[in-house]
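Try each task before reading its solution.

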Amino acid sequence: MTGRIPYLGFFRLDQVVAERDRLVEAGYDTFVYEVDAFAVPVLPDPVTSRLLERDYGDLADTVAHELTHNTVMTMEDITYSESLAVFVGRTAAIEFLAVQFGEDSPLIQEAIETYEDDDIFRSHLTELTDEVTALYGSDLSSEEKIAQRKGIFEGWRDRFSSEVLPLLHYPERYEAYGEMTLNNAFLVVNRRYNSDQEIFEQVFEAVGRDWARALDMFKAAGSSDNPIQYLEDFVGSSNP
């Protein structure tokens, strides 16, 4: 772990497995996944061979995401930092594709559809998170909560297959989620990377889609005690 970042990263699989097993043995949920890009504030950002296998839009998104961490990163609110980087990556990727390939490029439409799918999927995950959070806040015993959580997860899987997949442009990219093990760790990752996208968009529009002004505002918010409230106050003052 580096500083206050609430997640772990390893370069060796055996270390990952050992730490996962230790946490599971201690009674924690875990979620392990591979990454091909990351930012390390004290070192140059690496460019891996796997990263270069991504398509143009995804690569542009990832580069902009990681560069955002080098520009705006508050260790006091990692959800703000990661969610902001997601917004910047997605928005900058669309702009990059338009500049490089033209406004009418099919790559832009594919990227937009990909983000629409992701928004639908994340929205349903957020509903699941809210449902589980309500259960945890009840007066039931820990054993009863765990038992009922299983039913909530199973219900979500059923809805995912019957209600969510038919809405997607590229359902084949999400089918595996209907089979995966759901737990708190997975839901925390979704919330950490996909919160408050609307307020970031509102700020970007309020400054005329000017990246320099937007990043200054995002940086100022990150230095405040409550970054999201800071942005909401700015948007409110910009639209009296």
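**Exercise 1.** Find which residues lie nearest the centre of the second largest pocket, and say which elements line that pocket.

*Solution.* The model is predicted.
- Step 1: Start with the lining. The second largest pocket has 21 lining residues. Phe87, Arg90, Asp119, Gln197 and Glu198 lie nearest its centre.
- Step 2: Assign elements. Two or more lining residues come from each of α3 (78–101), α4 (106–136), α6 (184–193) and α7 (197–206). The largest share, seven residues, belongs to α4.
- Step 3: Sort by class. The lining holds nine charged, seven polar and five nonpolar residues.

**Exercise 2.** Work out how α3 and helix α8 (residues 211–222) are oriented: roughly parallel or roughly antiparallel?

*Solution.* Two packed helices are described by the angle between their axes and the distance between the axes.
- Step 1: Take the distance. The axes of α3 and α8 come within 12 Å.
- Step 2: Take the angle. The α3 and α8 axes cross at roughly 175 degrees.
- Step 3: Apply the cut-off. Angles over 145 degrees count as roughly antiparallel. Therefore α3 and α8 are roughly antiparallel to each other.
- Step 4: Locate the contact. From α3 come Tyr80, Leu84, Phe87, Val88, Thr91, Ala92 and Glu95; they meet Trp211, Phe218, Ala221 and Gly222 of α8. By class, this contact has eight nonpolar, two polar and one charged residues.

**Exercise 3.** Classify the ring pair of phenylalanine 31 and phenylalanine 186.

*Solution.* 
- Step 1: The whole structure has 16 aromatic pairs.
- Step 2: In the pair of phenylalanine 31 and phenylalanine 186, the ring centres are 5.1 Å apart and the planes stand at 70 degrees, so the pair is edge-to-face.
- Step 3: Phenylalanine 31 sits in the loop between α1 (13–25) and α2 (56–71), and phenylalanine 186 in helix α6. The pair links distant parts of the chain, 155 residues apart.

How values were computed: Residues are numbered from 1 along each chain as its sequence is written. This is a predicted model: local features need pLDDT of at least 70, side-chain atom pairs count only at pLDDT 80 or more; totals for chains, interfaces and linings use all residues. Side-chain values use heavy atoms; hydrogens and water are left out. On a 1 Å grid over the protein atoms alone, a cavity is a set of points where a 1.4 Å probe fits but cannot get out, and a pocket is an open set with protein on both sides within 12 Å along at least five of seven lines; lining residues have an atom within 4 Å of a point. Helices (H or I, at least four residues) and strands (E, at least two) are DSSP runs, numbered from the N terminus. Ala, Val, Leu, Ile, Met, Phe, Trp, Tyr, Cys and Pro count as nonpolar, Asp, Glu, Lys and Arg as charged, and the others, Gly among them, as polar. Axes are lines fitted to C-alpha atoms, for helices over the stretch in contact, and angles run from 0 to 180 degrees between N-to-C directions. Angles under 35 degrees count as roughly parallel, over 145 as roughly antiparallel, 65 to 115 as roughly perpendicular and the rest as oblique. Contact means heavy atoms within 4.5 Å. Rings of Phe, Tyr and Trp (its six-membered ring) pair if their centres lie within 6.5 Å; planes under 30 degrees apart count as stacked, over 60 as edge-to-face and the rest as tilted.
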